[in-house]
Amino acid sequence: MTTLVFLGPTRTGSHPGHDATALAVRDGRVLALGDEARALATTADEVVDIGDGLLMAAFGDGHAHPLLGGLESFGPQIKELASITAVVSEVARWAEEHPRAEWIVGASYDPALAPDGEFDARWLDAAVPDRPVVLRAHDYHTVWCNTEALRRAGVSERTPEPRLGRIVRRPDGTPLGTLREWHACDLVLDQVPSRATDDLVEAVRRAGHAYARAGITWVQDAWVEPEMADAYLAAARRDALAFRVDLAQRADPDRWRAQLKPFAETRARVAAEGGELLTARTVKFFSDGVVEGGTAAMLAPYLDAPHSCGMPVWEPRALADAVRAFDALGFRTHIHAIGDAGVRASLDAIESAIDANPAWDRRPVITHVQVVDPADLPRFAPLGVIANFEPLWAQPDPLQTELSVPRIGARRAALQYPMGELARDGVRLSFGSDWPVSSHVPLEGIQVAVTRRTFTGEPEEGWIPHQRLTVEQALTAATTGVAHQAGADDRLHLAPGAPADLVLLSADPRAVDPMAIRHARVLGTWLGGRPTYRAAATRAPRAR
């Protein structure tokens with residue numbers, strides 16, 4: 001057994017302000033805190049001087065897509081490009097460098113780059129006319145493709161509108177090149193050749209590298225298909241998995257009854273073969289779509305589409321039936337809900353499972369929680385619902401100002417991301433990133449949760465400022481809140497016997513200007529006492 005001692009400010013997470021002055025680790029677990037830990041420094045195998053930084057429990061990510069994030073590095077690098085011209089140029093560059101690639105596949109373009117988020121196939125045709133190109137928007141609910149991709153998928157003016165999806169069309173009825181939501185996107189995505197297992201394992205490895213550099217040691221993969229579970233198991237066998245992860249298998253509204261047995265079998269197989277880092281205890285439901293695409297389920301119509309209240313993925317009664325059935329099998333519930341109608345249907349479904357099934361440690365999650373009708377806010381705490389927020393979204397960025405707010409109007413826009421109100425009601429909050437939809441770096445989201453401002457400082461008073469969190473609340477949501485969601489009660493705070501999942505920051509987020517929180521650097525990440533990332537400054541610690 002080796003002993004590792006950290007000397008300096010340590011946030012234990014047990015109570016606000018109850019910090020320790022040192023922490024000792026042995027055999028992957030916290031051994032001691034404070035003076036007892038300091039006394040071990042003279043005989044420790046390794047001593048790390050925290051200095052002006054902060055040691056704390058590692059961050060968790062309560063809603064993300066690690067495998068998809070890793071795969072994005074395989075294709076054109078279009079994320080964060082600021083114009084359609086730049087995206088098209090990058091697609092052309094990648095296609096020229098990969099002449100043997102049958103399909104050009106990439107993500108995540110910014111849907112706010114085009115009016116109403118509608119992109120034309122002909123813009124991509126100018127770069128790649130002879131091979132299919134398919135790009136996902138950064139919300140992963142929309143696809144932009146070229147004419148050749150539409151042709152191979154058989155999408156034309158004669159293609160009927162799918163039940164769960166929309167083919168954006170030109171005035172003459174021909175497809176423009178933008179497809180929204182499940183069944184429309186799948187018309188093209190189902191034609192894309194499957195990735196080899198080696199590629200998927202490499203994607204998991206790259207995701208782990210990114211998470212380690214961000215100080216993350218546990219992730220809820222919130223969208224898992226069968227081949228993805230196989231890839232995670234292969235990664236675990238090959239020692240390519242560098243973070244704890246729970247797999248949320250996606251329930252399909254058209255065939256969920258047929259998924260009951262296979263999901264249980266996958267859970268058992270992962271438990272038997274996945275080792276200590278991998279579980280599959282959760283089922284993911286998509287209640288609705290996204291506001292910016294006009295597909296989030298709303299209680300009242302969209303302003304720009306008075307005929308539409310969005311696109312529920314499940315009928316409320318069917319969602320309740322499915323949640324009850326998977327809950328009866330001991331699966332935790334994780335529901336994507338963006339619109340106020342989607343949130344209400346999710347609360348109703350969870351309540352139906354609680355009423356119908358025997359009591360157990362459910363810890364149900366509603367994720368995103370973007371627009372909530374005020375009448376539904378008091379329902380979260382009594383139902384024990386964890387509100388999983390992606391805090392980076394709680395700012396007036398172009399996605400809000402150019403797409404979302406014009407679609408739902410000022411009144412409903414002011415109801416978005418009610419973190420502060422739910423926290424005051426005693427609701428458990430957890431934080432996620434939805435990476436690769438948005439940045440996986442927790443400190444960026446924590447800064448926005450605390451300030452409700454863009455990184456350039458707008459608005460000065462904060463966006464919907466009464467929903468801001470304190471720094472302590474935000475750190476808790478990103479650590480203890482995610483550990484509670486994970487069912488990892490031994491990781492709720494740093495105490496003797498707890499797994500040594502740790503992050504060392506260059507500065508204490510509680511002691512800096514709130515607009516500078518994101519500038520704190522991760523100096524090291526430890527998973528069960530083993531370093532998964534060490535910055536150059538910490539690679540040669542004082543040894544004993």
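Predicted model: local features only at pLDDT ≥ 70, side-chain atom pairs only at ≥ 80, totals over all residues.
Biologist: Hi! How do helix 10 and helix 11 cross?

Modeller: Helix 10 covers residues 316–328 and helix 11 covers residues 340–356; their axes come within 8 Å and cross at roughly 40 degrees. That makes helix 10 oblique to helix 11.

Biologist: Is that crossing left-handed or right-handed?

Modeller: Helix 10 makes a right-handed crossing with helix 11.

Biologist: Which residues in the two helices meet?

Modeller: From helix 10 there are Pro-316, Leu-319, Ala-320, Val-323, Arg-324 and Asp-327. They meet Ala-345, Ser-346, Ala-349, Ile-350, Ser-352, Ala-353 and Ala-356 of helix 11. Sorted by class, the residues of this contact are nine nonpolar, two polar and two charged.

Biologist: Okay, new topic: pockets. How much space lies in the largest pocket?

Modeller: The largest pocket holds about 1,200 Å³ of space. Its lining has 37 residues, and Leu-68, Leu-71, Arg-136, Leu-189 and Val-192 lie nearest the centre.

Biologist: And which elements give two or more residues to that lining?

Modeller: For the largest pocket, they are helix 2 (66–72), strand 7 (104–109), helix 6 (182–189), helix 7 (197–214) and helix 8 (226–237). The lining divides into 21 nonpolar, five polar and 11 charged residues.

Biologist: What about the second largest pocket, what's its volume?

Modeller: The second largest pocket has about 1,000 Å³. It is lined by 44 residues, with His-138, Leu-392, Asp-397, Val-437 and Ser-438 nearest its centre.

Biologist: Which element gives the most to that lining?

Modeller: Helix 13 does, with four residues. By class, the lining of the second largest pocket has 19 nonpolar, 16 polar and nine charged residues.

Biologist: Let's switch to cavities. How many are there of 30 Å³ or more?

Modeller: The count is three cavities of 30 Å³ or more. The largest cavity has a volume of about 150 Å³. It is lined by 15 residues, and Ala-57, Ala-58, Thr-479, Ala-483 and Arg-491 are the closest to its centre.

Biologist: Which elements each supply at least two residues there, in the lining of the largest cavity?

Modeller: Strand 6 (59–64), strand 12 (216–224) and helix 17 (480–486) do.

Biologist: Last one: where does the largest share of the second largest cavity's lining come from?

Modeller: Helix 15 supplies that share, four residues. The second largest cavity has about 120 Å³ of space, and its lining has eight nonpolar, six polar and two charged residues. Pro-391, Gly-432, Ser-433, Val-441 and Pro-442 lie nearest its centre.

How values were computed:
Residues numbered from 1 in each chain as written. Heavy atoms only, no water. Axes fitted to C-alpha atoms, helices over the stretch in contact; angles between N-to-C directions. Parallel < 35°, antiparallel > 145°, perpendicular 65-115°, else oblique. Left-handed = near helix turned anticlockwise from the far one by under 90°. Contact = heavy atoms within 4.5 Å. Nonpolar A, V, L, I, M, F, W, Y, C, P; charged D, E, K, R; others polar. 1 Å grid on protein atoms, 1.4 Å probe; cavity = no way out; pocket = protein on both sides within 12 Å on 5 of 7 lines; lining within 4 Å. Points joined across faces, edges and corners; volume = space filled by probe spheres on them.
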